[in-house]
Amino acid sequence: MSLYARTPMPTRLVGFANIAVLAALPFAWTLPLLETSAFWVFGDQISVWSGALATYHSDQFLCVVLVLFAMIMPLVKCILYVALWFAENPKPWLSKLGWVTAKLSMTDVFLLALMIIAVKGLSLGDIAVQPGLYVFAIVVLLGIGISLVTQAQMKYLSATEGGPS
């Protein structure tokens, strides 16, 4: 039986919220997060996607890290959680793998904070927050909340039903 079927109604909405986050992630990557005059490499507006493309030309390793942890890991996490919520009899390892990918996909927040600190804190230039930053932040925070609720629900059902977590 799926996690969706074993969960009471208000908590079931988390499964659908996860699908919304899965759909919103690629859109959030393309929206401008910041507008700056500090980074001549990125141009005027910086999005997750443009940052990945710009770093590809200057540092392939950094580009791989950015794409892996800010783009692929959040997608994998959402896909795993869709499987946990809606698949019949999901495998117990999906929960553990979802937890690991949730931890690894937090680097996008770290990278964004590091960029803002570099520009603002070191007075390297002017920075203006764009609407994409708010959209991206909402998507990331929803993803974190979904991860927490999903893991808590899995533990609760494991304890009450005696099944694997």
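Visitor: Where does Met1 sit?
Guide: Met1 is in the segment before α1 (3-6). Helices here are DSSP runs of H or I with at least four residues, strands are runs of E with at least two, and both are numbered from the N terminus.

Visitor: What am I looking at, and how is it numbered?
Guide: This is a predicted model: local features need pLDDT of at least 70, side-chain atom pairs count only at pLDDT 80 or more, and totals for chains, interfaces and linings use all residues. Residues are numbered from 1 along each chain as its sequence is written, and side-chain values use heavy atoms, with hydrogens and water left out.

Visitor: Back to Met1. What is it in contact with, beyond its neighbours within four places in sequence?
Guide: Arg6, Ala87, Glu88, Asn89 and Pro90. Contact means heavy atoms within 4.5 Å. Met1 and Glu88 are 87 residues apart in sequence, yet 4.9 Å apart from C-alpha to C-alpha.

Visitor: What's the secondary structure?
Guide: Seven helices and three strands. The order along the sequence is α-α-β-β-α-α-α-α-β-α.

Visitor: And the strand order in the sheet?
Guide: β2-β1-β3, in an open sheet with antiparallel pairing. Two strands pair if DSSP finds at least two bridges between them.

Visitor: Which strands stand at the edges?
Guide: β2 (45-46) and β3 (127-129). Each has a single partner strand, so one side of each has no neighbour in the sheet.

Visitor: How many bridges join β1 to β3?
Guide: Three, with β1 covering residues 34-36. Thr36 has Ile127 as its bridge partner in β3.

Visitor: What comes between β3 and α7?
Guide: A loop, and Gln130 lies in it. Gln130 is buried, at 14% relative accessible area. The cut-offs are under 20% for buried, over 50% for exposed, and partly exposed in between (1.4 Å probe, protein chains only).

Visitor: What is Gln130 in contact with, neighbours within four places aside?
Guide: Pro32, Leu33, Leu34, Glu35 and Gln45. The C-alpha atoms of Gln130 and Pro32 are 6.0 Å apart, across 98 residues of chain.

Visitor: On to α7. Is Gln153 buried or exposed?
Guide: Gln153 lies in helix α7. Gln153 counts as buried because its relative accessibility is 10%.

Visitor: How does Ala137 count?
Guide: Partly exposed, at 30% relative accessibility. Ala137 is also in α7.

Visitor: Which members of the largest nonpolar core touch the most others?
Guide: Val21, Leu25, Trp29, Leu33, Val48, Tyr81 and Phe136, out of 28 residues. A nonpolar core is a set of buried Ala, Val, Leu, Ile, Met, Phe, Trp, Tyr and Cys residues joined through side-chain atoms within 4.5 Å. α2 (9-30), α3 (48-58), α4 (60-86), α5 (92-104) and α7 (131-161) each supply at least two residues.

Visitor: Which helix gives the most?
Guide: α4, with eight residues.

Visitor: How much of the protein chain is buried?
Guide: 36% of its 165 residues.

Visitor: And the accessible surface?
Guide: About 9,000 Å², with 74% belonging to carbon and sulfur atoms. Areas come from the Shrake-Rupley method with a 1.4 Å probe; for residues, only the protein chains shown count as cover.
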